[in-house]
Amino acid sequence: MSTAPAEPGSDALVIGGVSFRSRLFVGTGKYKDVEETRAALDASGAEVVTVALRRVNLADRSEGSLGKLLLSGRYTILPNTAGCYTAEEAVRTLRLARELGIASLVKLEVIGDPKTLYPDNEQTLEAAKQLVKEGFTVLPYCMDDPILCRKLEDAGCAAVMPLAAPIGSGLGIRNPYNLRIILEHAKVPVIVDAGVGTASDAAVAMELGCHGVLLNTAIAQAKDPVLMAHAMREAVSAGRRAFLAGRMPRRLYASASSPESGLIE
């Protein structure tokens, strides 16, 4: 009997006490216009959409604006601190999100290097502690470092979001072994964030046991963003089901699919 859920909603992702049917989180940058953004979000099936507060004017809710689309009530908005380089900047930015009336579920991102866009571990941890203290539900973007992920969890983060590869690189899962270690010890959801380039990358992350995938560039810069969004939706779902099903063991030698006994001589 199959152990995979009959319906996607029966295998919900729970973060900070909130349940989501979709395990694909998507961003809103790099699309050619709001209409393409709308179509890609629809195709992705995502319920959680992340937006950079320092780059998008959510106060503009005029017809055809990104603010109107995102704040339509269809999505859970995950404000992020892209572009922040210190804990102080990140905390101040997310306090602004709260003032705008956006929910307290937030993506913390504190960059340490402008070329690689790798996160600053110390500043990320410092900001996470402050934001948790202020009642935010914190999802931190971080290195694929098992020790850092443990510290962020201990600080009260509702999930950890280790990168697969540098932001926007499309290199895919570069270190599956670190992700496996993080997954082995984490008691909160592990969501791969950054570096996914195509559907197979998303499927690999989910097959490893990751609880979700967050991506943007892989969809927005595809030749057909809407079609890629649909592909990512299917990949995340397939990868999750494959993880639940449990893959066959790897073997060095062949193993016959058909029975060898009882054959007529």
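What follows is a set of questions and answers about this model, which is predicted.

Q: How do you know that the structure has no disulfides, given where the sulfur of Cys-142 sits?
A: Two cysteine sulfurs would have to be within 2.5 Å. For Cys-142 the closest cysteine sulfur belongs to Cys-149 and is 3.8 Å away, so that is too far for a bond. By this rule the count is zero disulfides.

Q: Is Cys-142 buried or exposed, and what makes it so?
A: Buried means under 20%. Cys-142 has 0% relative accessibility, so it counts as buried. Cys-210, also at 0%, is therefore buried by that rule.

Q: What makes Glu-88 and Arg-92 a salt bridge?
A: The nitrogen has to lie within 4 Å of the carboxyl oxygen, and here the N to O distance is 3.9 Å, which puts the pair inside the limit. Both residues are in helix 3 (residues 87-99), and because they are four residues apart, about one helical turn separates them.

Q: How exposed are the two partners, Glu-88 and Arg-92?
A: Glu-88 is at 60%, so it counts as exposed. Arg-92 has 47% and is partly exposed, because that value falls between the 20% and 50% cut-offs.

Q: How do you know that Glu-134 and Arg-95 form a salt bridge, and where do they sit?
A: Their side chains meet at 2.5 Å, N to O, against a limit of 4 Å. Glu-134 at 24% is partly exposed, and so is Arg-95 at 40%.

Q: Why are Lys-107 and Asp-193 called buried?
A: The relative accessible area of Lys-107 is 6% and that of Asp-193 is 3%; the cut-off is under 20%, so both pass. They form a salt bridge too, with the closest N and O atoms 2.9 Å apart. Lys-107 is in strand 6 (residues 105-108) and Asp-193 in strand 9, 86 residues apart.

Q: Which residues of helix 6 are buried, and why do we say they line one face?
A: In helix 6 (residues 176-185) they are Leu-179, Ile-182 and Leu-183. Looking down the axis, they fall within an arc of 100 degrees, so they line one face of the helix. Turned away from that buried side are the exposed Tyr-177, Glu-184 and His-185. The cover over the buried residues includes helix 5 (146-154), strand 8 (161-162) and strand 9 (191-193).

Q: What makes strand 3 and strand 4 a pair?
A: At least two bridges are needed, and strand 3 has three to strand 4 (residues 48-52), in the parallel sense. Gly-27, for one, has Thr-50 as its bridge partner in strand 4. From strand 3 the chain crosses through helix 1 (residues 34-44) to strand 4, a right-handed β-α-β crossover.

Terms used:
Residues numbered from 1 in each chain as written. Predicted model: local features only at pLDDT ≥ 70, side-chain atom pairs only at ≥ 80, totals over all residues. Heavy atoms only, no water. Helix = DSSP H or I, 4+ residues; strand = E, 2+ residues; numbered from the N terminus. Right-handed = clockwise from strand over helix to strand, strands pointing away. Buried < 20%, exposed > 50% of the residue type's maximum accessible area, 1.4 Å probe, protein only. Arc of directions from axis to C-beta. Contact = heavy atoms within 4.5 Å.
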